[in-house]
Amino acid sequence: MNTTSGKCINRNVSHLFIDLSDVTLLDTMVAHQIYQLISTLNLLGIQSTISGIRPEVAQTSIQLGLDFSHVSTHSTLKHALSKQGIKLNERK
């Protein structure tokens, strides 16, 4: 989290996808770090998209008072990427 914004700038990233599919529990500290990262990236002109948020993680974020309404969210990473016109090569 601490180096992500710098790496995004160094690599000319314009859009960062954050996939939380494997996150089953989100504590206060991590939720705030994700929120701060997205806010920092936004100030740097880097768009963020969150995918794979589980209902319990969404509820925790709301209970903490975090406002992700300005962030694009999708149920899966595949769906988020397809909305940006990016296709994944799926393994068969």
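Reader: Does N10 count as buried or exposed?

Author: This is a predicted model: local features need pLDDT of at least 70, side-chain atom pairs count only at pLDDT 80 or more, and totals for chains, interfaces and linings use all residues. Residues are numbered from 1 along each chain as its sequence is written, and side-chain values use heavy atoms, with hydrogens and water left out. N10 sits in helix α1 (helices are DSSP runs of H or I, at least four residues; strands are runs of E, at least two; both are numbered from the N terminus). Its relative accessibility is 67%, and the classes are buried under 20%, partly exposed in between and exposed over 50%, with a 1.4 Å probe and protein chains only, so N10 counts as exposed.

Reader: How far apart in space are N10 and N89?

Author: Along the sequence, 79 residues separate N10 and N89. From C-alpha to C-alpha, the distance is 27 Å.

Reader: In what order do the elements of the chain run?

Author: The chain has 4 helices and 3 strands. Read from the N terminus on, they run α-β-α-β-α-β-α.

Reader: Why is the chain called as compact as a globular protein of its length?

Author: The globule rule is 2.2 Å times the number of residues to the power 0.38, and the radius of gyration is taken over C-alpha atoms. For 92 residues the rule gives 12 Å. The chain comes close to that, so it is as compact as a globular protein of that length, with a radius of gyration of 14 Å.

Reader: What share of contacts between residues at least 6 apart joins residues at least 24 apart?

Author: A contact means heavy atoms within 4.5 Å. Count those in the chain between residues at least 6 apart in sequence. The share joining residues at least 24 apart is 75%.

Reader: How far apart are the end C-alpha atoms of α2?

Author: Helix α2 covers residues 28-43, which is 16 residues. The expected span is 1.5 Å times one less than the number of residues, so it should be 22 Å. The model agrees, with its end C-alpha atoms separated by 23 Å.

Reader: Within what arc do the buried residues of α2 fall?

Author: The buried residues of α2 are A31, I34, L37, I38 and L41. Seen down the axis of α2, they line one face of the helix. The arc is that of the directions from the helix axis to the C-beta atoms. Its value is 125 degrees.

Reader: Which exposed residues does the opposite face of α2 carry?

Author: The buried residues of α2 pack against α1 (4-10), β1 (15-19) and β2. The face turned away from that buried side carries M29, Q36 and L43.

Reader: Which residue caps the N-terminal end of α2?

Author: Look at the backbone nitrogen of M29. A side-chain oxygen lies 3.3 Å from it. That oxygen belongs to D27.

Reader: What is the phi of N12 near?

Author: N12 is found in the loop between α1 and β1. At 69% relative accessibility, N12 counts as exposed. Most residues other than glycine have a negative phi. N12 has a positive phi, near 55 degrees.

Reader: Which residue with a positive phi follows α2?

Author: Its phi is near 85 degrees. The residue after α2 is G45.

Reader: Which side chain makes a polar contact with that of T49?

Author: T49 lies in strand β2 and is buried, with a relative accessible area of 1%. A polar contact is a pair of N or O atoms within 3.5 Å; within protein, one must be able to donate a hydrogen and the other to accept it, and residues adjacent in sequence count only if both atoms are side-chain atoms. Here the distance is 2.6 Å. The partner is H15.

Reader: Which residues does S51 touch, leaving out those up to four places away in sequence?

Author: S51 lies in strand β2, residues 47-51. At 1% relative accessibility, S51 counts as buried. With residues up to four places away left out, it touches I18, D19, L20, S21, H74, T76, L77 and A80.

Reader: What distance separates the C-alpha atoms of L20 and R54?

Author: L20 lies in the loop between β1 and α2. L20 is buried, with a relative accessible area of 9%. L20 and R54 are 34 residues apart along the chain. Their C-alpha atoms are separated by 8.0 Å.
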